[in-house]
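Take a moment with the sequence and the model before reading on. Then follow the chain step by step.

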Amino acid sequence: MLVAPFSLTETPVRNRSVQRVEARRIPPWLQAWAIGGFVLVLLVPSLRGDNLTGLSLPFWLVAAPLINIVWISRARWTTRLREQISRRSLRGNTRSHRSR
């Protein structure tokens, strides 16, 4: 049973593009979590892990938010990577034509 009404006409197309742009932004609380966790691990040696806890605290304080930040910004990274690859391939093609 559907609780919400099903209608495709209520959601305008431009609203979807705004949601995509908003979804690509890294939330400030996630940035604060990553920076705060990094500072805590640097300043408090007991948070770096030991034989009992292993590396679970450093993971949740530093690595987990960084993984989330990379995942959220993956579209930007792939775009930049493609641009760099295309630039290098164009440079390689012009160099090979010059040497002939």
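The paragraphs below go from the whole chain to single residues.

This is a predicted model, in which local features need pLDDT of at least 70, side-chain atom pairs count only at pLDDT 80 or more, and totals for chains, interfaces and linings use all residues. Residues are numbered from 1 along each chain as its sequence is written, and side-chain values use heavy atoms, with hydrogens and water left out.

Start with the overall layout. The protein chain has 4 helices and 0 strands. Along the sequence, the pattern reads α-α-α-α. Helices (H or I, at least four residues) and strands (E, at least two) are DSSP runs, numbered from the N terminus.

A residue is buried under 20% relative accessible area, exposed over 50%, and partly exposed in between (1.4 Å probe, protein chains only). Of the 100 residues in the protein chain, 13% are buried.

One part of the surface is a nonpolar patch. Trp29, Trp33, Phe59, Trp60 and Ile67 make this patch, which covers about 580 Å². Patches are made of residues with over 30% relative accessible area and no salt bridge; like charges are joined within 9 Å, and nonpolar side chains (Val, Leu, Ile, Met, Phe, Trp, Tyr) within 5 Å. A salt bridge is a side-chain nitrogen of Lys or Arg within 4 Å of a carboxyl oxygen of Asp or Glu. Which helices supply the patch? Helix H2 (28-43) and helix H3 (56-72) each give at least two residues. H3 gives the most, with 3 residues.

A pair of aromatic rings is described by the distance of the centres and the angle of the planes. Rings of Phe, Tyr and Trp (its six-membered ring) pair if their centres lie within 6.5 Å; planes under 30 degrees apart count as stacked, over 60 as edge-to-face and the rest as tilted. How many aromatic pairs does the whole structure hold? The search finds 2. Trp29 and Trp33 form a stacked pair, 6.4 Å centre to centre with 20° between the planes. These two residues are 4 apart in helix H2, so about one helical turn separates them. Trp29 is exposed, at 57% relative accessible area, while Trp33 is partly exposed, at 31%. Phe59 and Trp60 form an edge-to-face pair: 4.9 Å centre to centre, 80° between the planes. Phe59 is partly exposed, at 34% relative accessibility. Trp60 lies in helix H3 and is exposed, at 52%.

Another ring meets a charge. The charged end of Arg74 sits over the ring of Trp71, 4.2 Å from its centre. For this, NZ of Lys or CZ of Arg must be within 6 Å of the ring centre and within 35 degrees of the ring normal.

Contact means heavy atoms within 4.5 Å. Among contacts with a separation of 6 or more, 59% join residues 24 or more positions apart. Take Ile69, in helix H3. Is Ile69 buried or exposed? At 17% relative accessibility, Ile69 is buried. Leaving aside neighbours within four places in sequence, Ile69 contacts Ile26, Leu30, Gln31 and Ala34. Its C-alpha atom is 9.8 Å from that of Arg24, 45 residues away along the chain.

Arg76 is found in helix H4 (residues 74-99). Arg76 is partly exposed, at 39% relative accessibility. Beyond neighbours within four places in sequence, Arg76 contacts Arg24, Arg25 and Ile26. Arg76 and Arg24 are 52 residues apart along the chain, yet their C-alpha atoms are separated by 8.7 Å.

Notes:
Accessible areas come from the Shrake-Rupley method with a 1.4 Å probe; for residues, only the protein chains shown count as cover.
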